[in-house]
Amino acid sequence: MSHAHSHTGSGSRITRGTFEFGKTYVVRPKGKHQATIIWLHGLGDNGLSSSQLLESLPLPNIKWICPTAPTRPVAILGGFPCTAWFDVGELSEDGPDDWEGLDASAIHIANLLSTEPADVKVAIGGFSMGAAIALYSATCFAIGRYGNGIPYPVNLRTVVGLSGWLPGSRSLRNKIEVSHEARRRATSLPILLCHGISDDVILYKYGEKSAQSLCSAGFRYVAFKSYDGLGHYTIPREMDEVCTWLSSKLGLEGSS
């Protein structure tokens, strides 16, 4: 079940080069709709493959929204165009941050969530570069605005990042420390990070460092799970952990 996205919002207007977001795929809840989660794919992938992974999970109360990133030239690939949530020259948190690209994707994602019913809890998760945008969205939620100053409109209940990293980590602590409200929101947001120790694409140390950066910036509710022998992919045991986390943090009924 899929439909073309209709919520580019202001996301495409704030970038110097306008990149069209691809198709958005939706997995409808099989039971009572209690939560909506945006799930974000990795570099070069698309929302369809995310939706196929998610529809098999035992979470009948969740509606999954799986957008597709814009196709853009990517520096790490020598300028080769592929689907990417932002431009990246180095797959780590040490590289320069593409603030315009990060904001454009975070705005697009929040716009997709902003039309959900008021009684439905909302969350964001993702894999690899998708996890990076999920974590960037978590920081925008805590600070209360995007990097460009536009207010962040969504009340996130949890964030999940698999095999990813935290963009903008160097300046994060300063942005949160200056505001009582930002500190309160950071303290209240549960974040699950999972990373394979054998990951040779986004090294394990970057996942670990991301968790440390979040904690030192005031995110008190960060769980970091490591997996022996796991490379840059997901495994059923990891997805079981994600299901347990989401059921608990979103207070879902009837999940097993």
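Contact here means that heavy atoms lie within 4.5 Å. The structure is a predicted model, and the contacts, angles and accessibilities below are all computed from it.

**H232 and the two serines it touches**

H232 sits in the loop that joins β10 (222-227) to α7 (236-249). When its neighbours within four places in sequence are set aside, H232 is in contact with F127, S128, S163, D199, V201 and I202. Most residues other than glycine have a negative phi. S128, although not a glycine, has a positive phi of about 60°, and S163, likewise not a glycine, has a positive phi of about 55°. S128 counts as buried because its relative accessibility is 7%, and S163 counts as buried at 0%.

Two packed helices are described by the angle between their axes and the distance between the axes.

| Helix pair | Angle | Distance between axes |
|---|---|---|
| α2 (residues 99-114) and α3 (residues 129-143) | about 80° | 10 Å |
| α3 and α5 (residues 180-188) | about 135° | 7 Å |

The angle of about 80° makes α2 roughly perpendicular to α3. On the α2 side of this contact stand W99, L102, D103, S105, A106 and I109, which meet I133, Y136 and S137 of α3. By class, the residues of the contact of α2 with α3 divide into 6 nonpolar, 2 polar and 1 charged.

The pairing of α3 with α5, at about 135°, is by contrast described as oblique. Here F141, A142 and I143 in α3 meet E181, A182, R185 and A186 in α5, and this contact of α3 with α5 has 5 nonpolar, no polar and 2 charged residues.

**The largest pocket**

Rolling a probe the size of a water molecule over the atoms shows where empty space is left. The largest pocket has a volume of about 160 Å³ and is lined by 15 residues, of which W99, Y136, I143, G147 and K175 lie nearest its centre. The elements that give two or more residues to this lining are α3 and α4 (169-177), and the largest share, 4 residues, comes from α3. In terms of class, the lining of the largest pocket divides into 7 nonpolar, 6 polar and 2 charged residues.

**S50 in helix α1**

A further serine lies in helix α1 (residues 47-54), namely S50. S50 counts as buried because its relative accessibility is 7%, where the cut-off for buried is under 20%. Leaving aside neighbours within four places in sequence, S50 is in contact with W39, H41 and C66.

Notes
Residues numbered from 1 in each chain as written. Predicted model: local features only at pLDDT ≥ 70, side-chain atom pairs only at ≥ 80, totals over all residues. Heavy atoms only, no water. Axes fitted to C-alpha atoms, helices over the stretch in contact; angles between N-to-C directions. Parallel < 35°, antiparallel > 145°, perpendicular 65-115°, else oblique. Nonpolar A, V, L, I, M, F, W, Y, C, P; charged D, E, K, R; others polar. 1 Å grid on protein atoms, 1.4 Å probe; cavity = no way out; pocket = protein on both sides within 12 Å on 5 of 7 lines; lining within 4 Å. Points joined across faces, edges and corners; volume = space filled by probe spheres on them. Buried < 20%, exposed > 50% of the residue type's maximum accessible area, 1.4 Å probe, protein only.
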